[in-house]
Amino acid sequence: MVKLFESYHKESSWPPVFHPNPSKKDEELNPGDKIDLDSHHLEQMLSNCIMSRKTSKSIGVDSMLNKDDLGTFLKWSVGNLKADSEQRAYPSAGPIYPNHIFVTVKQIANLEKGLYTYIPKDHALLWVGGNIEIENALVQPDIDFNFCLIVSADLDYAAYQYGERGYRFCLLEAGHMVQNMMLVASALEKAIAPIGGFKDEYINQHVLKNGHSALYLVPVGRASDLQL
């Protein structure tokens, strides 16, 4: 196993040769209409967000959470910083952004339950499908949520650009993304629990179904116990 991990972290050619990715067309994931999102201003100081950042061991459903809250959460954690820029709220090697965000909606006002993909450049959701039981992938008790983000990676695209080092970059990028998510959840006073231990096969084969590999599950809702 050690040798396997070492093979992913060995030196690779530099600089990389960039190629367009024909599969990275979010709009083609589903012919349905995109759902535009809004985002309201966060005024809490960054230092307060960092100090109050917590991982919840038990999460419940927040009956007050709405579509604007979700929009704010996505905008400032993984969205584009400016409408006329491709730069997102987190760093990416290249930047090629091989990681993608899927949103499993369970209970959000004015938003249908189901699976969506997030399109950063449009700050919009695109419907993927319904009847997604993501709880089947969780092994932790006492985790409920309003929505759960799936941080997934297009490993083939990353490897095409960077060779085996692309795997490392996907993991680093996922960490940057989830750190932002925790800070924004703190600012919005929502409970969050980044989960790295889950049933990968279920998510990859029964939820994503697009060749991507799930790296993180991030349920968000209401705090219902002591936090760490």
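In the predicted model, helix α6, spanning residues 200–208, has I203, V207 and L208 as its buried residues. Viewed down the axis of α6, these buried residues fall within an arc of 70 degrees, and they therefore line one face of the helix. In an α-helix there are 3.6 residues a turn, so residues three or four places apart point the same way. Just after α6, a positive phi of about 55 degrees is adopted by K209.

A helix–helix contact is formed between α4 (residues 155–162) and α5 (residues 165–188), whose axes come within 7 Å and cross at roughly 125 degrees. The crossing of the two helices is right-handed. On the α4 side, the contact is made by L155, A158 and Y162, while α5 contributes R165, G166, Y167, F169 and C170. Of the residues in this contact, six are nonpolar, one is polar and one is charged.

At the level of the whole protein, the secondary structure consists of six helices and eight strands, arranged along the sequence in the pattern α-β-α-β-α-β-β-β-β-α-α-β-α-β. The protein has 228 residues, of which 45% are buried. Among contacts between residues at least 6 apart in sequence, 78% join residues at least 24 apart.

Notes
Residues are numbered from 1 along each chain as its sequence is written. This is a predicted model: local features need pLDDT of at least 70, side-chain atom pairs count only at pLDDT 80 or more; totals for chains, interfaces and linings use all residues. Side-chain values use heavy atoms; hydrogens and water are left out. Buried means under 20% relative accessible area, exposed over 50%, partly exposed in between (1.4 Å probe, protein chains only). Helices (H or I, at least four residues) and strands (E, at least two) are DSSP runs, numbered from the N terminus. The arc is that of the directions from the helix axis to the C-beta atoms. Axes are lines fitted to C-alpha atoms, for helices over the stretch in contact, and angles run from 0 to 180 degrees between N-to-C directions. A crossing is left-handed if the near helix is turned anticlockwise from the far one by less than a right angle, and right-handed if clockwise. Contact means heavy atoms within 4.5 Å. Ala, Val, Leu, Ile, Met, Phe, Trp, Tyr, Cys and Pro count as nonpolar, Asp, Glu, Lys and Arg as charged, and the others, Gly among them, as polar.
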